[in-house]
Amino acid sequence: MPASAPITQDVATIPRKMPEGPVNLVGLTRDGLRAALIEAGTPEKQAKMRAGQIWQWLYHWGVRDFDRMTNLSKDYRAMLARTFVISLPEVVTRQVSNDGTRKYLVRIAGGHEVEVVYIPETDRGTLCISSQVGCTLTCSFCHTGTQKLVRNLTAAEIVGQIMLARDDLDEWPKPGVGANDAGPRLLSNIVLMGMGEPLYNFENVRDGMKIAMDPEGISLSRRRITLSTSGVVPEIAKTAEEIGCLLAVSFHATTDEVRDKLVPINKRWNIETLLGALRDYPRLSNSERITFEYVMLKGVNDSDEDAHRLIKLIEGIPAKINLIPFNEWPGAPYERSSNNRIHAFADIIYKAGYASPIRTPRGEDIMAACGQLKSATERARKSRAQIAQETGL
Ligand code: SAH
Ligand code: SF4
């Protein structure tokens, strides 16, 4: 990466809600839904109850058709159908890896595309969702970072990724089957680790997650949602206060010099500032450790000294260190550290008292692994060098 590479690419000013067309009920908060119903003529006294009923149809039962909302009168349903839509992003392709990982290419309004990945494990099923089309940041090891930001996703598009995965897994409750009889959930965890920097799309991410956590709907506990940030320091405390989910941070280096190159947002908020925000993360407790993500890049950040420095830096922070073997992509300027190196690094951290799992790359055969996501239309062609050449940066 050229030393002068910018921290961000074009930062677009993006409206939160798409203005044109009928209002989509998906993605409205409870209050927003109530207000929309009042605006459509629902008497104020009834609006809370109607909003609650519609909420359950949408998010508990996964219903998409107003006619199936049978506890509402026919006239009311007809009014809803005239005034609103229930709209999800459209699944364009669905690929299934040899290891069971599923990758969905999803089209959103405007024809843009994002990727969503479902990772089944023995004790859980994790959905990795995207928050932006592309990313404004330019981390030099990340495939998404080579794609310019096109736009922020709306709250509907964020929660919509969860809903379409539940459709595909056929995991909406069946009438007459109690929650406890349905067996363990296939989609039990969410990680905001797909495309984009979630804390640069804070409000939509917050609203999408609030909907996913609501007990009368999808009902995922805040401890089953992990938001990963590259280190947008001013938003970290807000994340604790307004979302309350678990936090992961893309740490990746132990000196500012190296982190400036790998995660250029470090030039704005350096390691010390970032660690300050993490120490203050108000909900810190042993059960709510911060996950430090650390991508293993051969000869760049993987020495024994790095491991020792990392331990010193995070001293006092309840933490788990997630080591991510670098996933290659066409034109990537780095190589994955050797297995021996990764294990030696993990060992040093483990001996210092921290969990140091090595993340097994999943879905590599379908380019679904961390950092490999990119809109298909953008895929495979442009290396960072090509982009730099084109943009003159
Ligand atoms: N923008 C957010 C979330 C998305 S990235 C963030 O940066 O935290 C999810 C994780 O994958 C991050 O830790 C990211 O640094 C890591 N990652 C990106 N590219 C990668 C690659 N090629 N190989 C391995 N991990 C990668
Ligand atoms: Fe954006 Fe995260 Fe990739 Fe960095 S690692 S470019 S913040 S998606």
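Lysine 298 counts as partly exposed because its relative accessibility is 43%; partly exposed is the band between buried (under 20% relative accessible area) and exposed (over 50%), using a 1.4 Å probe and protein chains only. This is a predicted model, where local features need pLDDT of at least 70 and side-chain atom pairs count only at pLDDT 80 or more, while totals for chains, interfaces and linings use all residues. Residues are numbered from 1 along each chain as its sequence is written, and side-chain values use heavy atoms, with hydrogens and water left out.

Now for the charged pairs. The structure holds 19 salt bridges, each being a side-chain nitrogen of Lys or Arg within 4 Å of a carboxyl oxygen of Asp or Glu. Here are three of them:

| Pair | Closest N and O atoms |
|---|---|
| Arginine 64 and aspartate 167 | 2.8 Å |
| Lysine 298 and glutamate 335 | 3.5 Å |
| Arginine 341 and aspartate 304 | 2.8 Å |

The arginine 341 pair links distant parts of the chain, with arginine 341 in helix 10 and aspartate 304 in helix 9, 37 residues apart. Helices (H or I, at least four residues) and strands (E, at least two) are DSSP runs, numbered from the N terminus. Arginine 341 is partly exposed at 23% relative accessible area, and aspartate 304 is partly exposed too, at 31%. Elsewhere, salt bridges with shared partners join Arg30, Asp214 and Glu216 into one network.

Aspartate 302 sits in the loop between strand 12 (290-296) and helix 9 (304-313). The aspartate 302 side chain does reach the backbone nitrogen of glycine 299, at 3.1 Å. Leaving out residues up to four places away in sequence, aspartate 302 touches Met296, Leu297, Ser337, Arg341 and Phe345, where contact means heavy atoms within 4.5 Å.

On to helix 4 (residues 155-169). Its end C-alpha atoms are 22 Å apart, which agrees with the 21 Å that its 15 residues should span; the expected span is 1.5 Å times one less than the number of residues. Of those 15 residues, 13 are buried, so helix 4 is largely enclosed by the rest of the structure.

Methods. Chains lettered and ligands numbered in written order. Polar contact = N/O pair within 3.5 Å; in protein donor to acceptor, adjacent residues only side chain to side chain.
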